[in-house]
Amino acid sequence: MEEFYLLDNELNKKYIIDTYSSAIWAKRYNDIGDCELVISASTENFRKIKECKYIARNDDDMVCKIKKVELQTDEENGDQLILTGNDITDILNQRIVIKQTNFNGLVEDYIRALINDSIIKPTNTDRKIRNFALANNKGFSETIREQVTYDNVGEKIQKLCKQYGWGYRVTVNNGNFIFALYKGNDISRYITFSHNYDNISTTDYVKDDSNIKNVALVAGEGEGVARKTITIGNGTGIDRHELYVDARDISSEIDYDELLINYPNGKEKVINNVIYYQVNGSNVAILTKNDTGEITNVQLCNNIYMENLKNTGYEKMSEYTSITSFAGEIIAGMSYKYKEDYNLGDIVNIVNEYGISINVRISEVIENQDDNGYTMEPTFENIE
């Protein structure tokens with residue numbers, strides 16, 4: 001593995017760490033990575049750590065914030081400092097959605113809006129991180145109609161990325177934190193890991209159906225028999241696994257400004273003395289005005305509200321699927337090279353010793369360097 005660097009509070013490389021007992025570098029496609037670095041305990045190393053806040057590698061774009069420093073004394077092997085840290089993408093988990101937010105449009109724009117509102121251009125300037133920015137749009141075409149309130153921003157983005165098969169990361173560039181979405185490449189026709197090819201030494205195959213839910217009853221606002229509910233999913237008889245989703249925090253009332261942002265180019269139309277806000281002739285919301293003509297209330301029409309409930313239900317149900325995963329130890333330098341032939345997030349083919357063949361996504365890569373040498377252990381996840 002390459003040299004490590006300690007970065008100061010301003011994200012400047014300050015010290016090189018080229019001597020260490022062991023290093024673990026774990027990257028994840030749509031989850032938070034982490035690291036562990038073990039170095040000798042010395043007055044100089046203590047000083048370096050005190051002056052710095054982050055750990056980086058020259059050959060990788062993940063940067064970790066130092067979360068814990070442990071001094072381990074050992075008379076035989078010498079005292080050691082154990083530095084553990086989390087991927088700086090964890091910054092997203094420091095914010096919540098502090099007000100009801102409605103969105104109708106591209107999922108990518110939705111994620112960017114969540115970050116803008118909570119980190120880059122928040123109404124409360126205490127929430128702003130001055131050197132946090134968004135990378136260019138990727139142009140993903142998936143759409144969503146949803147309402148969120150008080151969700152953790154990082155967890156929300158993670159759920160969305162898992163749902164749509166995307167990866168996300170925060171990297172460092174010229175002293176700035178840069179958020180980006182990305183999607184791995186499907187290289188399963190060219191890259192196969194198999195005992196027959198002598199490029200993988202061990203495999204651990206797991207098919208876990210213990211957490212399946214394929215039908216959800218989503219319950220929104222209201223009480224008793226008046227509560228609004230909708231059922232989503234498919235399943236019959238013994239193969240039907242039901243889930244209840246409490247979505248009472250999803251409200252049919254929204255701000256007028258949000259209505260205009262999420263449903264632009266609409267027009268008002270009075271039908272039976274009711275003022276509707278329409279887009280392309282379809283009713284979106286009911287407007288209430290006072291005697292002076294000022295809009296005092298906006299209530300989404302039932303069909304729009306039900307779509308919000310559906311999206312909440314599908315997102316929740318995505319956590320309850322059949323999971324097929326492979327873990328394995330790749331033999332470094334055989335057949336393919338990490339970061340040249342394949343990378344985190346890519347879809348590859350894997351065949352274990354029992355002939356089970358499947359196309360899977362590389363969801364995690366754990367690199368380990370110690371006295372025994374270098375190992376690289378990927379985790380493969382089913383993409384279906």
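**Entry 1: H2 and the three-stranded sheet**

I began with helix H2 in this predicted model, and I found that H2 lies across strands E9 and E12, running at about 165 degrees to E9. I then looked up the sheet to which these strands belong, and I noted an open sheet of three strands in the order E9-E12-E11, with mixed pairing. Strand E9 (132-134) and strand E11 (167-173) stand at the edges with a single partner strand each, so one side of each is left without a neighbour in the sheet. Neighbouring strands here are turned by 30 degrees against each other on average, if direction is ignored.

For the pairing itself I followed E9 to strand E12 (residues 176-182), and I recorded that the two run in the parallel sense over three bridges. As a reminder to myself, strands of a sheet pair through backbone hydrogen bonds, in either a parallel or an antiparallel way.

**Entry 2: H2 against H3**

Next I turned to helix H3, which lies across E11 and E12 and runs at about 125 degrees to E11. How do H2 and H3 pack, and at what angle? Helix H2 (residues 107-120) and helix H3 (residues 153-164) pack at about 170 degrees, and their axes are 11 Å apart. Angles over 145 degrees count as roughly antiparallel, and H2 and H3 are therefore roughly antiparallel to each other.

I also listed the residues that meet: from H2 they are Val107, Tyr110, Ile111, Leu114, Ile115 and Ser118, and from H3 they are Val153, Lys156, Ile157, Leu160, Cys161 and Tyr164. Sorted by class, this contact of H2 with H3 has ten nonpolar residues, one polar residue and one charged residue.

**Entry 3: Lys159 in H3**

I stayed with H3 to look at Lys159, which is found in that helix. Is Lys159 buried or partly exposed? Lys159 has a relative accessibility of 30% and so counts as partly exposed. Leaving aside neighbours within four places in sequence, I found Lys159 in contact with Glu315 and Glu319. Lys159 and Glu319 are 160 residues apart along the chain, yet I noted that their C-alpha atoms are separated by 8.3 Å.

Among the buried residues of H5 I marked Ile304, Tyr305, Met306, Leu309 and Glu315. H5 lies across E20 and E21, and I noted that the helix runs at about 60 degrees to E21.

These two strands took me to an open sheet of four strands in the order E18-E19-E20-E21, where the pairing is antiparallel. Its edge strands are E18 (267-271) and E21 (295-300), each of which pairs on one side only. Neighbouring strands of this sheet are turned by 35 degrees against each other on average, direction ignored. Strand E20 (residues 282-289) pairs with E21 in the antiparallel sense over five bridges, and I wrote down that Ala285 stands opposite Leu300 in E21.

**Entry 4: Glu221**

Last, I looked up Glu221, which has its place in the loop between strand E15 (215-219) and strand E16 (229-233). Because buried means under 20% relative accessible area, Glu221 at 19% is buried. Not counting residues up to four places away in sequence, Glu221 touches several residues, including Arg227, Lys228, Arg248 and Tyr305; I had already marked Tyr305 as a buried residue of H5.

Notes: Residues numbered from 1 in each chain as written. Predicted model: local features only at pLDDT ≥ 70, side-chain atom pairs only at ≥ 80, totals over all residues. Heavy atoms only, no water. Axes fitted to C-alpha atoms, helices over the stretch in contact; angles between N-to-C directions. Parallel < 35°, antiparallel > 145°, perpendicular 65-115°, else oblique. Contact = heavy atoms within 4.5 Å. Nonpolar A, V, L, I, M, F, W, Y, C, P; charged D, E, K, R; others polar. Buried < 20%, exposed > 50% of the residue type's maximum accessible area, 1.4 Å probe, protein only. Pairing = 2+ DSSP bridges.
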